[in-house]
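Subject: Structure handover

Hello,

Here is the structure for your files. Please open it alongside this email; my notes follow below.

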Amino acid sequence: MAYDAVVLVSFGGPERPEDVMPFLQNVTRGRGVPPERLAEVAEHYQHFGGVSPINQQCRELLAAIREDFAAHGLDLPVYWGNRNWDPMLADTVARMRDDGVRHALAFVTSALGGYSSCRQYQDDIAAARAAVGPDAPLIDKIRQFWDHPGFVEPHVDAVRAALAQLDPAKRDSTRLVFTAHSIPNSMAATAGPHGGRYEAQLAEVARLVHAAAAPDLPWDLVWQSRSGPPHVPWLEPDVNDHLGTLAEAGTTGVVVSPIGFVSDHLEVVWDLDTEARQTARQLGLDFVRAATPGTDPRFVAMVRELVRERTEPDGVTLRRRLGDLPMWDTCPTVCCVPARRPVAPTPGRPGS
């Protein structure tokens with residue numbers, strides 16, 4: 001197809017202390033997250049001056065993509081819009097329309113399938129286009145890229161670099177711990193057209209990174225950043241609980257690799273660099289957190305490659321992958337239908 005622009009679509013984050021609570025209310029609207037949990041998460045942001053790193057990371061990625069496109073003759077303007085905070089996606093789509101854009105590709109800062117990591121972004125794009133009106137540009141989301149070399153290889157090198165910071169004499173009691181954002185079990189069960197896609201993709205990333213970075217070490221895939229109401233089951237174990245289990249079993253050191261993320265945003269620098277590191281310290285575990293891709297040149301080049309998959313006549317032949325799971329350019333309509341949210345028990349009601 002003929003495309004005349006690319007839009008970077010991300011989660012968004014506050015950039016001033018007074019932005020924090022409105023931002024969190026945007027993120028959690030309709031999810032039944034208790035006010036006390038919002039207040040707790042707000043404190044995490046205030047620990048960093050009320051500023052999330054994610055918007056600056058998007059600015060840096062945007063600049064790197066534009067530079068890479070120009071260096072390789074890809075003459076497409078690149079825009080940026082967020083799901084939850086300025087620049088809001090609807091405002092960006094309106095600007096694209098005013099600039100004469102008619103048909104764009106969207107690169108989303110999530111490598112994975114699932115409702116929050118894929119379908120919700122597509123819903124956001126549809127809602128932004130509806131808000132702009134009938135003359136809004138068409139926008140097609142680029143495929144999931146969990147097993148693209150440009151995503152996997154930076155994680156591999158980051159794990160190697162992290163391992164180099166641990167005592168090699170203790171390698172026999174060192175373990176790799178791969179993490180990703182926990183999601184409700186019901187959401188995990190409906191990820192992809194046949195369910196389980198989110199977990200399967202992450203397990204494949206973990207296997208690929210492990211095989212290339214440290215095949216002699218044991219590894220685990222665990223979860224972090226749970227944010228939902230306590231009565232809703234989410235994927236477990238939590239990374240902090242898992243560190244306790246490892247310490248009891250004789251592990252002396254861990255490399256924690258956040259393979260579910262593309263940059264070092266707040267859920268990395270707080271949940272891992274702050275909370276998980278503190279847990280490890282209390283347990284006597286040596287702890288190093290591996291970096292995320294960020295603006296690694298391979299990750300930036302991957303964006304260009306993904307665009308060319310969709311814009312070049314022989315795009316399919318340009319496709320690079322390391323894994324074996326099914327992949328498609330356009331998600332089926334049955335993918336990742338959000339599950340009905342459980343209702344919190346009411347005191348006095350049978351079964352509560």
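The crossing of helices α6 and α8 is right-handed (a crossing is right-handed if the near helix is turned clockwise from the far one by less than a right angle, left-handed if anticlockwise). Phe 151, Val 152, His 155, Val 156, Val 159 and Arg 160 of α6 make the contact with Val 205, Leu 208, Val 209, Ala 212 and Ala 213 of α8. Contact here means heavy atoms within 4.5 Å. Helices (H or I, at least four residues) and strands (E, at least two) are DSSP runs, numbered from the N terminus.

Some ground rules. This is a predicted model, in which local features need pLDDT of at least 70 and side-chain atom pairs count only at pLDDT 80 or more, while totals for chains, interfaces and linings use all residues. Residues are numbered from 1 along each chain as its sequence is written, and side-chain values use heavy atoms, with hydrogens and water left out.

**Helix packing**

Two packed helices are described by the angle between their axes and the distance between the axes. Helix α6 covers residues 149-163, and its axis runs 9 Å from that of α8, at an angle of about 50 degrees. Axes are lines fitted to C-alpha atoms, for helices over the stretch in contact, and angles run from 0 to 180 degrees between N-to-C directions. The angle makes α6 oblique to α8. Angles under 35 degrees count as roughly parallel, over 145 as roughly antiparallel, 65 to 115 as roughly perpendicular, and the rest as oblique.

Now α3 (residues 54-71) and α12. Their axes come within 9 Å and cross at roughly 60 degrees. That makes α3 oblique to α12. The crossing of α3 and α12 is right-handed. On the α3 side, Leu 61, Ala 64, Ile 65, Asp 68 and Phe 69 take part. They meet Phe 299, Val 300, Ala 301, Val 303, Arg 304 and Val 307 in α12.

**Aromatic pairs**

There are ten aromatic pairs in the structure. Rings of Phe, Tyr and Trp (its six-membered ring) pair if their centres lie within 6.5 Å; planes under 30 degrees apart count as stacked, over 60 as edge-to-face and the rest as tilted.

Take Phe 23 and Tyr 45. Their ring centres are 5.7 Å apart and the planes stand at 75 degrees, so this pair is edge-to-face. The pair links distant parts of the chain, with Phe 23 in helix α1 (residues 20-28) and Tyr 45 in helix α2 (residues 35-46), 22 residues apart. Phe 23 counts as buried, at 1% relative accessibility. Tyr 45 is buried too, with a relative accessible area of 8%. Buried means under 20% relative accessible area, exposed over 50%, and partly exposed in between (1.4 Å probe, protein chains only).

Tyr 198 and Trp 223 form a stacked pair, 6.1 Å centre to centre, with 25 degrees between the planes. Tyr 198 is in helix α8 (residues 197-213) and Trp 223 in strand β6 (residues 219-224), 25 residues apart. Both Tyr 198 and Trp 223 are buried.

One aromatic cluster is formed by Phe 11, Phe 23, Tyr 45 and Trp 85.

**Charges over rings**

Arg 83 lies over the face of Tyr 121, 3.7 Å from the ring centre. Arg 197 lies over the face of Trp 328, at 4.1 Å. The test is NZ of Lys or CZ of Arg within 6 Å of the ring centre and within 35 degrees of the ring normal.

**His 44**

His 44 is in helix α2. At 7% relative accessibility, His 44 is buried. Leaving aside residues up to four places away in sequence, His 44 touches Arg 37, Leu 266, Trp 270, Asp 271 and Glu 275.

**Backbone points**

The peptide bond from Asp 86 to Pro 87 is cis, with omega near -5 degrees. Pro 87 sits in the loop between β2 (78-82) and α4 (89-98). Glu 236 and Pro 237 are also joined by a cis peptide bond, with omega about 10 degrees. Pro 237 is in the loop between β6 and α9 (239-248).

Ser 225 is found in the loop between β6 and α9. Its phi is positive, near 70 degrees, in a residue other than glycine. Ser 225 is buried at 8% relative accessibility.

Cys 336 has a positive phi of about 55 degrees, although it is not a glycine. Cys 336 lies in the segment after α12 (297-311), and is buried at 4% relative accessibility.

Best wishes
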